[in-house]
Amino acid sequence: MAADQKQKPAEVSKNYRGFVAGVFSGIAKLTVGHPFDTVKVRLQTTDTTRFSGPLQCVVQTLRHEGVRGLYKGATPPLVGWMFMDSVMLGSLTVYRRLLAEHVFVRQVPAHAGTPPPPEREGPIAATSHAAAHLPPVGHGVAGVLAGCTVSFIAAPVEHVKARLQIQYAARKAERLYAGPVDCVRKIYGAHGVRGVYRGLFATLLFRSFFFFWWGSYDVFTRIMKERTAMSAPAINFWAGGLSAQVFWLTSYPSDAVKQRIMTDPLGGKLGDGTPRFNNWMQAAQAVYREGGVKGYWRGFLPCFLRAFPANAMALVAFEGVMRALP
């Protein structure tokens with residue numbers, strides 16, 4: 001018992017590692033994944049008369065806007081993903097520990113003696129000895145809590161990114177927003193904080209599916225650790241990529257609705273058109289009305305192709321930095 005009490009301050013003092021390592025995860029994710037995300041958003045927010053599919057979207061974007069067109073709107077997520085992954089992954093490590101200590105409590109026999117030191121070289125470096133017993137459902141709950149936490153940062157970042165990504169004019173003079181700062185300034189000037197945070201509820205709902213991401217990440221990690229001889233970084237890569245695909249398979253319809261809300265005209269002083277949706281349900285009904293069930297999955301292919309490499313590299317970076325930090 002005394003040993004447990006001594007170990008807790010040490011665990012708490014290392015919480016900073018998750019926040020630092022999350023920055024590197026964000027950089028890796030943005031570099032690999034943003035072109036896929038641009039294609040996804042454009043397919044989600046236009047009808048089939050503009051793009052028949054992801055390949056045509058890529059070809060037309062490259063033809064009219066060049067490679068830079070695929071990285072349109074990259075500035076907010078570059079800064080945003082660094083900050084968001086820092087908050088999300090940092091808070092995830094904290095929630096894992098808190099759940100392990102207060103909800104999924106491990107009963108240690110009195111004769112067990114002093115517990116072993118934290119497992120710094122294991123596949124999930126973010127899960128030290130204090131939370132090593134956390135079951136997959138515990139990791140899933142920690143993921144939901146981390147998703148809710150980061151949503152308050154993610155909502156405005158993703159809102160601005162989405163509006164910049166659907167500006168199709170090659171010439172800047174023909175675009176409503178000159179860049180991310182101009183976008184925030186104009187939206188805030190016309191609609192205040194509520195305008196900037198448009199889509200917050202949809203963001204919270206979307207990130208509740210983090211349950212499946214982090215729960216499955218733990219499951220894949222345990223299976224690979226027990227049944228293969230792969231190194232920790234290799235396990236992080238495969239478990240990270242596969243769990244991200246589980247996440248998108250479960251969450252994609254809610255993301256399609258979120259993107260509709262975030263690209264819906266705000267109206268008023270902004271002069272960008274007439275708003276169509278007053279709430280999440282109206283947007284969800286519009287997606288179904290315009291495309292049926294398939295409408296909820298429009299743009300899924302580039303998203304699914306992006307999910308594995310972007311998140312695999314992000315988690316390799318995150319876990320690697322976690323293992324390297326003191």
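Helix 2 gives the largest share of the lining of the largest cavity, namely 6 residues. Helices here are DSSP runs of H or I with at least four residues, strands are runs of E with at least two, and both are numbered from the N terminus. A cavity is a set of points, on a 1 Å grid over the protein atoms alone, where a 1.4 Å probe fits but cannot get out, and a lining residue has an atom within 4 Å of a point. Before I continue, please note that this is a predicted model, in which local features need pLDDT of at least 70 and side-chain atom pairs count only at pLDDT 80 or more, while totals for chains, interfaces and linings use all residues. Residues are numbered from 1 along each chain as its sequence is written, and side-chain values use heavy atoms, with hydrogens and water left out.

How many cavities of 30 Å³ or more are there? The count by this rule is 3. The largest cavity has a volume of about 270 Å³, where a volume is the space filled by probe spheres set on the grid points, and points are joined across faces, edges and corners. Its lining consists of 24 residues, and those closest to the centre are W81, E158, R207, W248 and R306. Besides helix 2 (16-44), the elements that give two or more residues to this lining are helix 5 (75-102), helix 6 (136-165), helix 8 (200-207), helix 9 (210-227), helix 10 (232-263) and helix 12 (300-324).

Let me now turn to the chain as a whole. It has 12 helices and 0 strands. Of its 326 residues, 51% are buried, where buried means under 20% relative accessible area, exposed over 50%, and partly exposed in between, with a 1.4 Å probe and protein chains only. Among contacts with a separation of 6 or more, 82% are between residues 24 or more positions apart; contact means heavy atoms within 4.5 Å.

Next, the nonpolar cores. A nonpolar core is a set of buried Ala, Val, Leu, Ile, Met, Phe, Trp, Tyr and Cys residues joined through side-chain atoms within 4.5 Å. The largest one has 38 residues, and M84, M88, W213, W214 and W248 have the most contacts inside it. Helix 2, helix 5, helix 6, helix 9, helix 10 and helix 12 each give two or more residues to this core, and the largest share, 8 residues, comes from helix 5. Beyond its neighbours within four places in sequence, M88 is in contact with A146, V150, F210 and W214. A second, separate core of 9 residues includes F277, A284, A286 and V287.

Helix 5 also holds two serines that I wish to show. S91 lies in this helix, and it counts as buried because its relative accessible area is 7%. The side chain of S91 reaches the backbone oxygen of M88 at 3.0 Å. Leaving out residues up to four places away in sequence, S91 touches F19, S86, A146 and T149. S86 is likewise placed in helix 5 and is buried, with a relative accessible area of 10%.

Q259, in helix 10, counts as buried at 2% relative accessibility. Its C-alpha atom is separated by 7.1 Å from that of V41, 218 residues apart along the chain. Apart from residues up to four places away in sequence, Q259 touches K40, V41, Q44, T45 and A162.

Where is Q167 placed? Q167 is in the loop between helix 6 and helix 7 (180-196), and it is buried, at a relative accessible area of 10%. A polar atom of the Q167 side chain lies 3.1 Å from the backbone nitrogen of L176, and the side chain of Q167 reaches the backbone nitrogen of Y177 at 2.8 Å. With residues up to four places away in sequence left out, Q167 touches R42, E65, K72, R175, L176 and Y177.

Terms used: 1 Å grid on protein atoms, 1.4 Å probe; cavity = no way out; pocket = protein on both sides within 12 Å on 5 of 7 lines; lining within 4 Å. Polar contact = N/O pair within 3.5 Å; in protein donor to acceptor, adjacent residues only side chain to side chain.
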